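Please walk me through how to read a helix and its packing in a model of this kind.

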Amino acid sequence: MDAVNAADPADEVLDVVDEHDEVVDRLPRGEVYARGLRHRCVFVLVTDDEGRIFVHRRTPGKLVFPSHYDMFVGGVVGAGEGYDAAALREAEEELGVRGLEPPRPLFSFLYEDAGGHGSWWSRVYRVRCALPVRPQVEEVAWHAFLPEAEVRARLADWPWVPDGLAAYGLLRDFRDGISGSAGSRPPR
């Protein structure tokens, strides 16, 4: 999920964006993270044929939120890369599949990290994966397809990535027809 044409994830170049998601600079990921600069990210909710959600625990070597659980695959959008292309790339990389149908964009939101990691414009997607998954060992320490009821039951028990929790809460609101969340907007 972390390398777009870069051997070291910290060297990957990202678009730095403003509060309106307009590009204002391009810098290496390591510098973007160190300075807490706003960038772009994608979240892809992956379900299997039975509607179970792909859940995974991140590896301990991740730059942010190591060893945390996530109910999304995804990551940063590379410099000059579109959200849709990043969503498909990230999903295929993290799941270890090829030929996945393009993830469907649902909504965008601005995530502001309370832990001092900065903020990122985020687009949430959904895709069904009927292919056998072989997640990247560099990215995924554990994985399973879990029924949504089990995911909800684990929210209080497992350490989850905070941006994934925020995206999941907004996704639940989106599915329930609730709108008007601060910073949320439909995809452009």
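This is a predicted model: local features need pLDDT of at least 70, side-chain atom pairs count only at pLDDT 80 or more; totals for chains, interfaces and linings use all residues.

A: Residues are numbered from 1 along each chain as its sequence is written, and side-chain values use heavy atoms, with hydrogens and water left out.

Q: What span should helix α4 have?

A: Helices are DSSP runs of H or I with at least four residues, numbered from the N terminus, and the expected span is 1.5 Å times one less than the number of residues. For the 14 residues of α4 (residues 162-175) this gives 20 Å, and the end C-alpha atoms are 20 Å apart, which agrees.

Q: Which residues of α4 are buried?

A: An α-helix has 3.6 residues a turn, so residues three or four places apart point the same way. Here Asp163, Gly164, Ala167, Tyr168, Leu170 and Leu171 are buried (under 20% relative accessible area, 1.4 Å probe, protein chains only). Viewed down the axis of α4, these buried residues fall within an arc of 170° (taken from the directions from the helix axis to the C-beta atoms), so they line one face of the helix.

Q: What does Phe72 touch?

A: Contact means heavy atoms within 4.5 Å. Leaving aside residues up to four places away in sequence, Phe72 touches Gly164, Ala167, Tyr168 and Leu171, among others including Phe43 and Val124.

Technical notes. Helices (H or I, at least four residues) and strands (E, at least two) are DSSP runs, numbered from the N terminus. Buried means under 20% relative accessible area, exposed over 50%, partly exposed in between (1.4 Å probe, protein chains only).
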